[in-house]
Amino acid sequence: MKQLLGLTLFLALVINFSIGQTDYSKDTSLVFKINYNIQSFDDENDYRILLNSLNGFLKTKNQCDTSNAYWVQSEFKKYKYPYGDLFGIEYSRKYKSSNFYKPTLLQIINTEITNQYILKLAYTGPDTLKESTIRAIYNIIAVKQSDGSYQFKSMLVENTACWNRTTIGTITYIYKDNLNRELAEQANQLNIEIAKKFNVTPISIVYYKCKNPIELARIKGYDYWPWMYIDTTGGRAEGGNTIFAANNSEWFPHEFVHFYTPEVGMGLLRQIIDEGCATYLGGTVGKSVEEILKTTNYFYKKYPERDILYDLENNYRINGKMEVLYPVGGLICKLIDEKLGFEGFKQIYYETDFYKAIERVLGVKKENLADFLKNELARYK
Ligand SMILES: [Zn+2]
């Protein structure tokens, strides 16, 4: 009897295995790999539909970051770029390839809600390389639709469902523990002042106050993202006028300015105006523009042989930390503002060349620009 029971159990396992465990890892129609020990669905058909929906999303997500048939549609209104973290995630700067990192579906995790699952995705580089290359491990939610197909949404809402929300003037703060109202009021005033500077009405900001980059990454859906362990304060301004602050503070002026900076020119010129305005009006890494200019002046006095324009064009980092773009951009935007006001940007809106733009607004030719910048920096002692 015992033997018969054992045989029945064995047969039941074999049958179950053969029904529920089709090996999709060899399916070449899928643009992602499947982890070998994934917990798939008992319902084979449902599982296949989920894989097809995920495949559809991963195949089309880079075509447009503001609409996708496989993503829950209401999220586009709310966040503008709801899968911004996955947009272009395949790109490797080091290997100069836009299709370097490839996705693997690591796991499907049940949630407390019926027909809603967490999908754990890993983006990794080719295993033919000698070095290990993991770009990120990221979670999204799959929601079964009435027609049986699946759509996806970000983990952000679920991950911050228990967080507090308080609106102070133009800013809605979303935070876990406590809010410093005084600082929040100051930030609101600053937002209004920045808007005045750019001659527009103040933007309504959604502000996630996180303790550190690890907490920030987690609420967005990351299990692993190198930045979360590299950055020590930081944060980011994202689409939908959303700030993710990792400095445990209500105060993040640099990121506020990014919502207002005019889209001037292209390439280096655009970067100079964007980061320059943000640094000029909001400082960076907790320091004012004056402090940053002092450090930069000191650095170029110490190393007079260094070519400041070469450093600017090649993303050189002063003392291995701050890119030259920030102080030089901050200085240039300050000089434009002092000479012409922010109206000065209108004179270079359609310029593409950085040096021609600077000659037009500041009257300095490219061959004299390095000396000019070093002389201006020398004022900050
Ligand atoms: Zn910035």
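Predicted model: local features only at pLDDT ≥ 70, side-chain atom pairs only at ≥ 80, totals over all residues.
Taken along the principal axes, its C-alpha atoms fill a box of roughly 95 × 50 × 35 Å. Of the 381 residues in the chain, 31% count as buried. When contacts between residues at least 6 apart in sequence are considered, 53% of them join residues at least 24 apart. The domain assignment divides the chain into domain 1 (19–154), domain 2 (164–258) and domain 3 (267–377), and the C-alpha centres of domain 1 and domain 3 are separated by 41 Å.

The largest nonpolar core comprises 81 residues, and those with the most contacts inside it are Tyr-207, Tyr-208, Ala-245, Val-328 and Ile-332. To this core the greatest contribution comes from helix H12 (residues 325–340), which supplies eight residues. Another of the residues named above, Ala-245, touches Tyr-207, Tyr-208, Lys-209, Cys-210, Gly-235 and Phe-252, when residues up to four places away in sequence are not counted.

Helix H12 itself has 16 residues, and the distance of 22 Å from its first C-alpha to its last is close to the 22 Å expected at 1.5 Å a residue. Its buried residues begin with the run Leu-325, Tyr-326, Pro-327, Val-328, Gly-329, Gly-330, Leu-331, Ile-332 and Cys-333, and they also include Leu-335 and Ile-336. The partners against which the buried residues of H12 pack are helix H9 (267–282), H10, H11, strand S13 (322–323), H13 and H14. Just after H12, Gly-341 adopts a positive phi of about 75°.

Helix H14 (residues 366–377) can be examined in a similar way. Its 12 residues should span 16 Å at 1.5 Å a residue, and the 17 Å between its end C-alpha atoms agrees with this expectation. Within H14, the residues Leu-369, Leu-373 and Leu-377 are buried. Seen down the axis of the helix, the buried residues of H14 fall within an arc of 50°, and they therefore line one face. The face turned away from this buried side carries Glu-367, Asn-368, Asp-371 and Asn-375, which are exposed. The elements that cover the buried residues of H14 include helix H10 (289–302), helix H11 (308–313), H12 and helix H13 (354–362).

Two hairpins illustrate how neighbouring strands are joined in the model. In one of them, strand S10 (residues 235–238) runs antiparallel to strand S11 (residues 242–245), and four bridges join the two. Across this pairing, Glu-238 stands opposite Thr-242 in S11. Three residues lie between the strands of this hairpin, and Gly-240 has a positive phi near 75°. The loop between S10 and S11 also holds Asn-241, whose phi near 50° is a positive value in a residue other than glycine. Asn-241 counts as partly exposed because it has 18 C-beta neighbours inside 10 Å, whereas a buried residue would need 20 or more.

Although Asn-248 is not a glycine, its phi is positive, at about 55°. With 15 C-beta neighbours inside 10 Å, Asn-248 is likewise classed as partly exposed.

The other hairpin is formed by S4 and S5, with five residues between them, and in its turn Gly-148 has a positive phi of about 95°. Strands S4 and S5 (residues 150–153) pair in the antiparallel sense over four bridges, and Ala-142 stands opposite Phe-152 in S5.

Gly-125 is placed in the loop between strand S3 (116–124) and strand S4 (134–144). Because it has 19 C-beta neighbours inside 10 Å, Gly-125 counts as partly exposed. Apart from neighbours within four places in sequence, the residues in contact with Gly-125 are Ser-92, Phe-100, Tyr-101 and Thr-133. From Gly-125 to Lys-302 the separation is 177 residues in sequence and 41 Å in space, C-alpha to C-alpha.

Key
Residues numbered from 1 in each chain as written. Core = buried A, V, L, I, M, F, W, Y, C linked by C-beta atoms within 7 Å. Buried ≥ 20, exposed ≤ 12 C-beta atoms within 10 Å, placed from the backbone. Contact = placed C-beta atoms within 7 Å. Domains from an automatic or database assignment. Pairing = 2+ DSSP bridges. Expected span 1.5 Å × (residues − 1). Arc of directions from axis to C-beta.
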